[in-house]
Amino acid sequence: MEQEKVNGNKEPSAEASSYRCSACHGDEDWGLGHPLRGRAKSRSLSAAPVLASAREFRRTRSLHGPCPVTTFGPKACVLQNPQTIMHIQDPASQRLTWNKSPKSVLVIKKIRDASLLQPFKELCAYLMEENNMIVYVEKKVLEDPALLSDDHFGPVKRKFCTFREDYDDISNQIDLIICLGGDGTLLYASSLFQGSVPPVMAFHLGSLGFLTPFNFENFQSQVTQVIQGNAAVVLRSRLKVRVVKEPRGKKVAVPNGISENGVLAAGLDVEVGKQAVQYQVLNEVVIDRGPSSYLSNVDVYLDGHLITTVQGDACPAGVIVSTPTGSTAYAAAAGASMIHPNVPAIMVTPICPHSLSFRPIVVPAGVELKIMLSPEARNTAWVSFDGRKRQEIRHGDR
């Protein structure tokens, strides 16, 4: 709720500065410094004081309004301040600002999807010819036979800058990202930028469109608005995931307890340093038992403290660690709650657990979660990051 007229120089009115507590009653009104008097009259948690006439408020998309009255039992409540306004960040108030005009744009589309060829060609031609921008595309996109045989698209295609995933680093060369497809296309765009991510504009041309709010029918005007900086930005948090694996190289037999460089080894195996790989994940990290037929046993630590052991024997048994964005994806299918993107939290959701007590839990963002195989686990586990880069986790890995 918002007031229609706001005057910062005007003193609070008598009606706003003097009113009666909803949880206590008495014959006297009270102001900001007046103590509470009288006995409890109402135990309703939904009761709220009338600060002003209903005509002074109008319903908007903004999440602003008078703080509700909080009661504690039949006699206690929080002393209300008429000037206190509850404020939750409204995504529409987060505006895009360009320090310099964007010159390079990355266009991402699903590979070999015939339905996206015409929108892809129209968008690229518009960016190059009308906005004079440098367009980057993935090299394998241009290997589509439908594009190779299109002679009319040849002049535009020759102006493309191409890159290859996992080979070329374009993180410092892209000003704007435009996705054509569904949510999976946006997840792929996020995986390409493991550091700072440029603004992402996603057109809904796929099966799922939770993250793709733009329609392609009038893409020219919408792209122009974004390039000019006239757009709102919804911020999405990502998980920083670090995979540490124990070395499992060949064991070197040391004769007589002395290694080649003369250091005493007492018959021990020589091991190299641990391998660590880091990922930035937009949706979730999934740890499951993989193709094994054995029970999965995974220990979950929170800031160094063991909070639970996830055990299960169903095919996908394991645990999901997701962001608020990922709470509407695999986690929701596994029974978790949905979290607003502005909430700084991490969702931990078990998959088919052998437990009635371990349900999906929400922990604050910034904590350290460590997940590893339990010592009694008879088999390995598998981990994936936004459904990609799936790899095996063995004993000693975390």
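1. An open sheet is built from six strands, in the order β19-β18-β17-β14-β21-β22, with antiparallel pairing. Two strands count as paired if DSSP finds at least two bridges between them, and strands (E, at least two residues) and helices (H or I, at least four) are DSSP runs numbered from the N terminus. β19 (361–364) and β22 (388–393) are the edge strands with a single partner each, so one side of each has no neighbour in the sheet. From one strand to the next the twist averages 20 degrees; the axes are lines fitted to C-alpha atoms, and angles run from 0 to 180 degrees between N-to-C directions.

2. The model is predicted: local features need pLDDT of at least 70 and side-chain atom pairs count only at pLDDT 80 or more, while totals for chains, interfaces and linings use all residues. Residues are numbered from 1 along each chain as its sequence is written, and side-chain values use heavy atoms, with hydrogens and water left out.

3. Within the sheet, β14 (residues 284–288) is joined to β21 (residues 381–385) by four bridges, the two strands running antiparallel. The bridge partner of Val-286 in β21 is Ser-384, and Asp-288 stands opposite Trp-382 in β21. β14 also pairs with β17 (residues 318–322), again in the antiparallel sense, over five bridges. In β17, Gly-318 is the bridge partner of Asp-288.

4. β14 is mostly covered, with five of its five residues buried. Buried means under 20% relative accessible area, exposed means over 50%, and partly exposed lies in between (1.4 Å probe, protein chains only). Glu-284, Val-286 and Asp-288 are buried on one side of β14, and Val-285 and Ile-287 on the other.

5. The largest nonpolar core has 31 residues, of which Phe-120, Phe-160 and Val-223 touch the most other members. A nonpolar core is a set of buried Ala, Val, Leu, Ile, Met, Phe, Trp, Tyr and Cys residues joined through side-chain atoms within 4.5 Å. At least two residues of this core come from each of β7 (104–109), α2 (117–130), β8, β10 (176–181), β11 (200–204) and α6 (219–227). α2 gives the most, with seven residues.

6. Apart from neighbours within four places in sequence, Val-223 is in contact with Leu-123, Tyr-126, Leu-127, Ile-178, Met-201 and Phe-203. Contact means heavy atoms within 4.5 Å. A second, separate core of 23 residues includes Leu-239, Val-300, Phe-385 and Ile-393.

7. Asp-144 sits in the loop between β8 (134–138) and α3 (145–148). Its relative accessibility is 8%, so Asp-144 counts as buried. Leaving aside neighbours within four places in sequence, Asp-144 is in contact with Arg-112 and Leu-117.

8. The structure holds zero disulfides, a disulfide being a pair of cysteine sulfur atoms within 2.5 Å. Cys-179 is buried, at 1% relative accessible area, whereas Cys-352 is partly exposed, at 40%.

9. Overall, the protein has seven helices and 22 strands. Of its 398 residues, 39% count as buried. Among contacts between residues at least 6 apart in sequence, 64% join residues at least 24 apart. The accessible surface comes to about 23,500 Å², and 52% of this belongs to carbon and sulfur atoms; areas come from the Shrake-Rupley method with a 1.4 Å probe, and for residues only the protein chains shown count as cover.
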